[in-house]
Amino acid sequence: MNSEDEDKEKEPEKKEEEKKIHKFKDQILDESFRKAELSKKGEPEKKEVKRTIKKPFIKIGFLILIIAVISLTLIYYVPFFYINYETDYGTIKEFYSYTELKNNQFESELVNSLFESNCYNCSDSSDSYIGLTISDFTDTPKITIYILHIMILVGFIFTIFILVDRKKNFSENTITIIHSIFTAFIILTGIVVLLMNIKFLDAGLLQQMNIQFIRALGFNSVQLIFFVPYILIILSFILFIIGIILIRLNLNKAVSDYNFRRSNRDNLNYRFWRKI
Amino acid sequence: MDDIIVKQSRKKIILILFLSILCLILISFLPWIAVAENDFVKDNLNFNYEMMKDSSNTQIINLVRILMNINILFWIIIITTLISFIIIVCYALVKKSLFCRMLIISSSFINFILCIFIVYYQIIFSRTISNLDSISGSMIYPPFAYAYIQFILSVILLLISGSYTLVLIKDSTKRLKSVRTRKKEIRKKMDIEDTEVSSIESEIEKSIRIPDKERVLTNSSREEKLAEIDKLLSKKEPEIEKQKVEENISEQKLDKQSQTESISDEEIKDDGYKTWGEVSKENKQDTKEDKKIKQPFPEKKPKKQQEESDEIRISDHFEKALSTAIEKRQSGIKPKENKIKISKEKKIETPQIEIKKDIIEPDDQAEKDKDEEKEDKTSKILKLKCPECDHIFTFDVEKGNKKIICPKCGREGEIEIEI
């Protein structure tokens with residue numbers, strides 16, 4: 001009796017076990033079938049998830065456009081230079097803008113003599129003692145305005161090119177080559193503007209060195225501040241530095257691409273100063 | 001160009017550009033000369049570049065000309081370096097042509113020559129000043145003039161441009177030499193090959209072109225010459241045989257790959273266990289395949305037939321692999337059933353050992369006897385792991401006791417061995 005009871009108790013357990021065994025068999029059959037299929041057809045090709053990376057918008061053209069516009073507005077609306085001189089009659093402060101200087105004349109003769117000396121006994125070698133003539137006040141802003149107009153044009157063309165690149169998707173090599181040509185242009189314009197305006201900065205140094213000759217003209221003391229040229233010097237210096245950085249970046253890119261494959265990771269991070 | 005040279009050129013271009021621009025700024029910024037005035041004001045009047053240009057003094061005008069030359073030279077240096085920068089970028093990214101390389105070298109060489117001229121003009125400038133009585137160089141501190149700053153910078157520029165040109169020229173000469181040597185080697189190889197081929201061909205031609213008088217000779221002489229031609233042709237035969245063997249090996253490799261794929265699947269399904277029979281069969285197959293490879297001239301079959309046979313083979317392999325996998329898995333289910341039982345009854349689990357005995361071949365009897373002995377040993381003494389305390393202990397099967405007691409925790413269990 002006991003053995004029969006035990007058998008009855010064990011029957012459901014056995015059925016469960018059999019079910020499990022059947023499941024196990026099915027699993028094994030499926031696995032073996034899958035493996036056999038794989039051996040016949042080969043492994044299925046894994047679909048690579050395509051990573052879409054947005055092209056970095058090169059803002060240098062836009063930056064140059066802004067710099068050129070700012071410097072143009074400065075030339076037209078900010079007083080070109082400020083003079084504070086002291087004579088026997090008192091101290092005088094004067095502001096001269098570019099529009100006033102276009103007429104080639106200063107209001108006071110004394111200020112005029114600073115750039116075209118009336119003192120014939122002072123020196124036979126030179127008429128100006130600070131390295132500036134009256135024509136410098138008209139010619140230099142004129143040339144700088146022309147250069148700034150060219151800069152605006154080129155900056156605009158470059159920004160349009162970058163916008164077109166977003167749609168047409170040029171190769172990276174062509175972009176870097178055009179970018180390098182553009183940087184060469186930036187450096188050239190920057191140097192020209194810098195050299196045109198550096199004489200205004202130099203005037204301060206010569207004023208200190210040739211103070212005896214300036215005093216002979218009737219000035220007890222003179223203070224000259226050339227607002228626009230100083231700002232233009234700073235802006236052109238910034239342009240020059242940006243140009244050097246861009247040259248470095250372009251050359252780095254060229255060196256990294258020379259005989260090497262670039263990883264996709266380089267395109268992922270974008271910082272303003274890294275890829276201007 | 002090498003990578004190192006491209007990197008060096010990157011550094012040097014930036015340096016040359018920076019220094020030349022700095023020098024250009026300094027030319028228009030520095031006071032160059034001081035003229036002693038003795039009229040109303042008795043002092044030295046300092047002149048910068050702009051002042052010198054506007055001056056009416058002939059001596060100063062002569063000096064300005066030198067400075068203007070220097071200024072123009074610096075501008076040319078800047079432009080050439082900018083052009084070389086663009087060329088290097090193009091060279092590195094797009095065109096690695098000889099023309100680009102020549103342009104880079106020539107631009108660097110031009111820069112170097114211009115730097116020499118700049119230094120030369122500066123020396124002339126200082127000499128002309130020293131020859132003049134009323135004019136002297138404007139000084140920062142009495143012995144040290146402002147012009148020296150420019151001179152030092154231009155000398156540095158000269159050194160940098162010189163080193164840059166030297167590096168480029170060295171690299172280009174190395175390249176040229178290597179190209180020449182390569183060309184020579186290739187020519188030599190070509191000549192050797194040509195001579196070998198031409199010698200064999202000429203010999204054959206000589207043998208074929210029998211003079212008319214000799215043709216009249218008896219059949220025996222002709223037979224001899226034909227034998228000679230056969231000999232010469234036999235020289236070429238090993239090469240042809242080699243080619244044929246290589247082709248056969250490649251075909252056999254492809255067949256092997258398909259076979260090995262199916263075999264590898266079976267091996268995976270076996271979980272690392274192999275019977276003696278299977279191993280011996282595999283060995284036999286390998287030996288047969290090796291023999292096949294060693295045969296230099298297997299029978300050639302038409303391609304279409306081969307392709308059909310391949311398809312049949314693959315399908316056969318597939319069916320075989322499937323059937324064997326199913327059979328083996330079904331056979332392997334039994335011990336797993338036992339496992340489930342043991343886990344339910346909470347008894348000590350034992351490592352399952354499958355030992356299948358197959359026919360032992362007479363060739364490897366000595367080795368297989370040794371293996372049998374090893375199998376016996378493993379079957380007698382087993383290493384067991386207690387599921388409760390993870391204690392590993394040995395157990396002798398020969399004693400006949402199926403019940404096992406863990407020496408550490410005292411848990412009871414049973415052992416099941418399939419033979």
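A salt bridge is taken here as a side-chain nitrogen of Lys or Arg within 4 Å of a carboxyl oxygen of Asp or Glu. By that rule the structure holds 4 salt bridges over all chains. The model is predicted: local features need pLDDT of at least 70 and side-chain atom pairs count only at pLDDT 80 or more, while totals for chains, interfaces and linings use all residues. Residues are numbered from 1 along each chain as its sequence is written, chains are lettered from A and ligands numbered from 1 in the order in which they are written, and side-chain values use heavy atoms, with hydrogens and water left out.

**Chain A**

Read from the N terminus, their order in chain A is α-α-β-β-α-α-α-α-α-β-α-α. Of the 276 residues in chain A, 42% are buried, where buried means under 20% relative accessible area, exposed over 50%, and partly exposed in between (1.4 Å probe, protein chains only). The accessible surface of chain A comes to about 16,400 Å², and 55% of that surface belongs to carbon and sulfur atoms. Such areas come from the Shrake-Rupley method with a 1.4 Å probe; for residues, only the protein chains shown count as cover.

Contact means heavy atoms within 4.5 Å. Among contacts in chain A between residues at least 6 apart in sequence, 75% join residues at least 24 apart.

**The interface of chain A and chain B**

The size of an interface is often given as the accessible area lost when the parts come together. Chain A and chain B bury about 5,900 Å² between them, 74% of it on carbon and sulfur atoms; this buried area is the accessible area (1.4 Å probe) that two parts lose on being put together, summed over both. The contact involves 64 residues from chain A and 64 residues from chain B.

Across this interface the rule finds 1 salt bridge. It also finds 4 residue pairs in polar contact, both residues being at pLDDT 80 or more. A polar contact is a pair of N or O atoms within 3.5 Å; within protein, one must be able to donate a hydrogen and the other to accept it, and residues adjacent in sequence count only if both atoms are side-chain atoms.

On the side of chain A that touches chain B, helix 1 (2–41), helix 6 (172–209), helix 7 (211–216) and helix 8 (227–257) of chain A each supply at least two residues. Helix 6 of chain A gives the largest share, 20 residues. By residue class, that side of chain A divides into 34 nonpolar, 18 polar and 12 charged residues. In this scheme Ala, Val, Leu, Ile, Met, Phe, Trp, Tyr, Cys and Pro count as nonpolar, Asp, Glu, Lys and Arg as charged, and the others, Gly among them, as polar.

**Salt bridges**

Side chains of opposite charge can pair when their charged atoms come close.

| Pair | N to O distance |
|---|---|
| Lys253(A) and Glu172(A) | 3.5 Å |
| Glu50(B) and Lys53(B) | 3.8 Å |
| Glu50(B) and Lys199(A) | 4.0 Å |

Glu50(B) lies in helix 2 (residues 49–54) of chain B and Lys199(A) in helix 6 of chain A, so this pair joins two chains. Glu50(B) is buried at a relative accessible area of 12%, and Lys199(A) is buried at 9%. Because they are 3 residues apart in helix 2 of chain B, Glu50(B) and Lys53(B) are separated by about one helical turn. Lys53(B) is partly exposed, at 39% relative accessibility. Asp136(A), Lys199(A), Glu50(B) and Lys53(B) are linked in a network of salt bridges.

The pair within chain A links distant parts of the chain, with Lys253(A) in helix 8 and Glu172(A) in helix 6, 81 residues apart. Lys253(A) is partly exposed at 24% relative accessibility, as is Glu172(A) at 32%.

**Individual residues**

Ser84(B) lies in helix 3 of chain B and is buried, with a relative accessible area of 2%. A polar atom of the Ser84(B) side chain lies 2.7 Å from the backbone oxygen of Thr81(B). Leaving aside residues up to four places away in sequence, Ser84(B) touches Ile13(B) and Ser107(B).

Key:
Helices (H or I, at least four residues) and strands (E, at least two) are DSSP runs, numbered from the N terminus.
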